Amino acid sequence: MKKEEEINDKSRRDFLKTAALATIATTACGSLACSCSPKKAEVAKKVKLLSPDGEIVEIDSAYLNYQEHMAIVSKLEARQGIAGKKFVMVVDLSRCKNARKCVAACQKWHYRPEDKEWLTVKLMKDSEEGAPYWFPKQCFHCDNPPCVKVCPVDATFKRQDGLVLIDNERCIGCKFCMAACPYSTRVFNWEEPDIPIDIKNLQYSPETGIPARVGTVEKCDFCPDRSREGKLPPCVEACPNGVFYFGDENEDTVTNGDETVSFSQLIKDRAAYRFMEELGTKPRVYYLPPKDRQFPVERGYEDLPEKLKDRFKYIMEDKTK
Amino acid sequence: MELNTYQKEIFERQRPVIEKFGKRTWGWTIFYLLWIGVGGYALYLQIAKGHKVTGMRDNVVWGLYIANFIFFIGISYAGAVISGILHLLKVEWRKPIIRIAEMITVIATIIGPIFILLCIGRLDRLHHLFLYPRLQSPITWDVLAIGTYFTGSVIFLYLALIKDFAIYRDAKLNIPKWKQKFYKIMAIGYRGTPSQKRHIKISTNLMAIIIIPLAIIVHSVLSWIFGMTLRPGWHSTIFGPYFVLAAIYSGTGVLIIAMWVYRRMYKLNSYLTDKHFIYLGYIMMVLGAGYGYFTFSEYLTDWFASEKWDNEVIEKLFNPAKYGWWFLFANVAGIILPILVVAIPKTRRPNLITLAAFFMVLALWVKRYLIIVPTLESPLLPMQDTRMEYVKYHATWVEWALTLAGVATFFLFFTLMSKFVTIIPISEFGEKEKAMIPAKENEIATA
């Protein structure tokens with residue numbers, strides 16, 4: 001039964017893939033009809049595609065446009081994860097100055113409206129006398145995820161590559177996962193989301209998370225669609241200070257784009273910790289303590305727009321200190 | 001069905017109630033329907049515009065609706081536990097009140113889950129609960145437990161009704177044909193043969209035994225929706241028994257209020273006697289003491305150990321500028337008042353007991369709100385949000401309208417049901433219960 005389903009799913013996926021590519025091909029051809037020349041000079045190989053009329057056409061791959069956010073795997077594969085991987089992130093708090101490039105990149109990549117952040121930068125102050133520090137926070141993709149435990153319909157799930165994803169076509173919107181997540185990671189679509197026209201007709205996949213849907217829960221997904229293409233998540237790429245190291249625990253390597261280091265060595269050398277370890281959620285995100293910081297904390301505050309300043313005012317302008 | 005003199009007397013007294021609908025009943029029915037209509041409009045808005053029209057946001061993901069859900073499932077304990085336990089203990093004075101108690105149970109068990117549905121973002125996907133059920137989720141436990149409990153409660157109510165349906169069927173009531181037919185079908189051919197009597201007796205005993213653990217499971221599972229999370233104020237080991245006790249307690253309160261209303265409305269003073277109020281008052285007092293003990297234990301431990309997160313919630317509850325006054329009300333009206341009113345002989349009067357019960361039920365609703373909202377307003381990470389509606393929960397008119405619609409539905413169901421069945425069960429009064437019907441008020445014999 002399971003096997004059969006898998007096969008069905010696979011053939012359906014292949015079909016959809018080709019169909020989707022064909023749609024792109026036709027639009028590409030359409031837009032290129034006047035120029036009637038391939039975009040790139042070099043002649044690439046021919047590919048067979050299924051046209052919207054159901055015919056198989058052969059087309060020069062140079063005519064194909066690259067489409068981002070394509071659901072390149074089936075629902076079933078999106079639930080299983082990338083074989084052999086175990087994604088992990090290390091966040092170097094000593095380098096963060098709240099440049100907010102990660103937030104912007106994440107918002108842009110996922111077509112997120114302003115204020116509805118998957119990735120937030122908090123200003124933490126652990127004790128009264130302690131110094132405040134910037135604290136970027138994605139989803140922790142816990143190995144013992146309290147959100148997954150409570151989901152009544154298996155809409156949020158843990159994959160073999162460590163990721164915790166949400167299927168917004170399955171989610172019933174009970175918000176129990178939001179109540180259960182101790183890190184306030186999840187956001188809810190309280191109204192019909194504004195979806196830009198260019199992603200409106202994209203096929204949804206839990207790996208891409210778009211388009212968003214009203215009445216469902218969503219959150220940071222560690223961008224597995226980019227991992228499949230061998231790219232880093234946008235937040236990692238966008239950070240000017242190399243705060244985020246992303247990688248594979250199985251390979252024991254993490255990279256922030258500039259340098260690639262041994263994961264185990266890094267967390268050993270820099271005394272990494274996991275946020276609120278005592279909760280027993282076993283996060284897949286490690287933090288390097290904000291020791292010997294590269295920037296004074298004010299650097300991330302002074303130039304902020306008023307609206308954002310308001311978020312942190314109560315700590316930054318604490319006159320009692 | 002042959003009726004004995006006592007049964008005849010009780011029946012004649014209640015006959016007009018089920019024969020005529022009456023202007024006053026029409027008035028109330030329309031009033032309730034209007035409220036439900038307003039709620040319907042609110043629901044339409046919520047579905048059309050999304051949950052944006054409620055006060056719930058990413059931090060406070062649950063609000064009034066969940067409080068109402070716990071509240072209604074709580075008062076449903078009136079029938080389940082009170083009537084079940086009294087039945088098993090063979091307490092004779094229970095007989096005039098079991099119908100009211102069991103009706104509360106069934107109606108509240110219908111309305112409660114409606115409120116959890118209001119909280120769900122995608123009602124169109126409700127079937128996913130059965131298509132892709134995951135047994136490890138406390139919500140699945142809830143679906144199973146409440147479903148079973150509701151079925152059990154309906155059976156329990158119905159078992160006690162069969163004999164009465166047979167009486168209405170044979171009584172040549174001045175009622176329309178369809179109603180006559182309804183009674184005939186519902187009586188399922190009951191003629192009072194010894195075998196039929198025996199079967200009903202055995203089934204009722206069985207159901208009384210089954211319904212008690214079922215009820216305990218329901219509210220425990222419900223409390224675990226909160227208890228299973230890593231949230232301050234929720235993640236507590238005593239939440240199961242705490243919720244169960246609070247539920248029986250509020251159920252008793254609603255039972256007392258319903259008794260008072262019916263007694264006044266239909267002049268049933270000789271059946272719903274002062275003794276009923278006083279006995280139920282005693283039960284309420286004992287439960288109140290137990291509930292108070294749980295409350296004290298819960299907050300004392302949190303406050304004394306003063307762990308960072310617990311402390312944050314406690315601070316909100318104790319601070320008069322935040323939830324302090326509500327917390328005080330919940331504990332004074334919810335614990336101290338009912339105990340004192342029943343404990344002091346001078347105030348141990350039906351009216352005062354009912355008043356205390358009324359405030360207690362109100363206080364328990366406030367308590368449910370205080371369990372949910374302050375905790376959700378205290379996430380472990382700082383909120384650092386500039387949008388006030390994300391930081392602090394304020395219920396909108398949509399949520400209030402639907403809350404009132406729920407209360408109106410409760411009353412409406414009650415009104416309609418009392419037009420189909422007698423509030424005081426007739427068949428329960430056998431010849432041996434002669435003494436049950438006191439010549440004077442304030443006099444009731446316990447078997």
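The model is predicted. Chain A has a mean pLDDT of 85, and 36 residues of chain B are in contact with 37 residues of chain A.

**Chain A: confidence**
- In chain A, 84% of the residues reach a pLDDT of 70 or more.

**Chain A: architecture**
- Ten helices and 13 strands make up the secondary structure of chain A.
- Chain A has 321 residues, of which 43% count as buried.
- Of the contacts in chain A between residues at least 6 apart in sequence, 63% join residues at least 24 apart.

**Interface between chains A and B**
- The contacts pair 36 residues of chain B with 37 residues of chain A.
- On the side of chain B that touches chain A, the elements giving two or more residues are α6 (128–131) and α7 (138–170) of chain B.
- Helix α7(B) provides the largest share of that side, three residues.
- By class, the side of chain B that touches chain A comprises 16 nonpolar, eleven polar and nine charged residues.

**Helix α12 of chain B**
- Within α12 (residues 308–318) of chain B, the buried residues are B:Asp310, B:Val313, B:Ile314, B:Lys316 and B:Leu317.
- These residues lie on the same side of α12(B), because they cover an arc of only 155° around the axis.
- An α-helix has 3.6 residues a turn, so residues three or four places apart point the same way.
- The cover over the buried residues of α12(B) includes α11 (274–305), α13 (324–343) and α14 (350–376) of chain B.

Methods
Residues numbered from 1 in each chain as written. Chains lettered and ligands numbered in written order. Predicted model: local features only at pLDDT ≥ 70, side-chain atom pairs only at ≥ 80, totals over all residues. Buried ≥ 20, exposed ≤ 12 C-beta atoms within 10 Å, placed from the backbone. Helix = DSSP H or I, 4+ residues; strand = E, 2+ residues; numbered from the N terminus. Arc of directions from axis to C-beta. Contact = placed C-beta atoms within 7 Å. Nonpolar A, V, L, I, M, F, W, Y, C, P; charged D, E, K, R; others polar. pLDDT = per-residue confidence, 0-100.
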